[in-house]
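The following paragraphs lead the reader through one protein model, beginning with a pair of helices and then turning to the chain as a whole.

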Amino acid sequence: ATRVMNFCRIRLGRDFPATGRFDWALLDERGAVLESASSELAMPPRGRRCEAVLAAELVLLERVCVPAAQQRRLHGALRFLAEDSLVPDPARVHVAAERGRQKDLLHVAIVDREWFAQALGRLQRLALVPEAAYSECLLPALESGAWVVVCNGAESFARTGEREGFALDSAAEGEPSVALLLAVNAARDAGRLPERIVLRAAPGATLADAARWSEALGVPVERGAPWNWMHSAEKPGLDLLQGEFAAQGSGASWLGRLRRPALLAAATLAVASCG
């Protein structure tokens, strides 16, 4: 019989490097939760395969146009592709990338480098070395023709595509967030408006008023099944452990590699954002 290997999934919020607090779940290969807890109550079992999920607000997802012939030469300067995004200083961010279905399209995930280094360093000291790290935005299952909005109070977010999504800002009581309204308007202008928006509630959260949102957004909005980051069986792409943060297996020091000068050969490319 084939031996089933369990793995550990941990969820990191903004305060993790300072507090050491995170939630974790032990899952089997089918994604069924075998055990779960907060690190304040119990630590996950060490020595198992581990993957990290970063709260949606920590990762900016973008689409960037780069000629396919040049994509292979960009690994040392990926973060400079983010200059047209809402990033004040490209040198302060880490950017992971994955080729899109379209020839010249790159999907990129942007995270604060110092925060990421501190988080990985703290996990290493806890004997937890992730072999992959993803944005929480990419965990909810996609539905045909739909965007999925996870309602989770101040940590709500939307998944709008295979490698696309964004955190939602707070809004007036009962109203959709400004970020969602702007995204819907941009999709409408670009001819990419979703057929519907599906609302899913995280544990302990309440769903938004679907009828009110539908009227405000001009898109059908419907209630969906509850959602929990622990139960997502899908393994999203766009792994953040690339470049200087690539999983080494030996647990090499990320902080040490941060001091190496970045390769800037491709930094002068004029790159326009598609998103």
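Is the crossing of H4 and H5 left-handed or right-handed? The crossing of these two helices is right-handed, a term for a near helix turned clockwise from the far one by less than a right angle. The contact involves Leu180, Leu181, Val184 and Arg188 on H4, and Trp213, Ala216 and Leu217 on H5, where contact means heavy atoms within 4.5 Å. By class, six of these residues are nonpolar, none is polar and one is charged.

The model is predicted: local features need pLDDT of at least 70 and side-chain atom pairs count only at pLDDT 80 or more, while totals for chains, interfaces and linings use all residues. Residues are numbered from 1 along each chain as its sequence is written, and side-chain values use heavy atoms, leaving out hydrogens and water.

The protein chain contains six helices and 13 strands, taken as DSSP runs (helices H or I, at least four residues; strands E, at least two) numbered from the N terminus. Of its 275 residues, 48% are buried, that is, under 20% relative accessible area with a 1.4 Å probe, counting protein chains only. Among contacts between residues at least 6 apart in sequence, 65% join residues at least 24 apart.

Two residues other than glycine have a positive phi: Ala127, near 65°, and Leu238, near 60°. Ala127 is placed in the loop between helix H3 and strand E8, and Leu238 lies in the loop between strand E13 and helix H6. Ala127 counts as partly exposed because its relative accessibility is 45%, between 20% and 50%. Leu238, at 2%, counts as buried.

Definitions and conventions:
Ala, Val, Leu, Ile, Met, Phe, Trp, Tyr, Cys and Pro count as nonpolar, Asp, Glu, Lys and Arg as charged, and the others, Gly among them, as polar.
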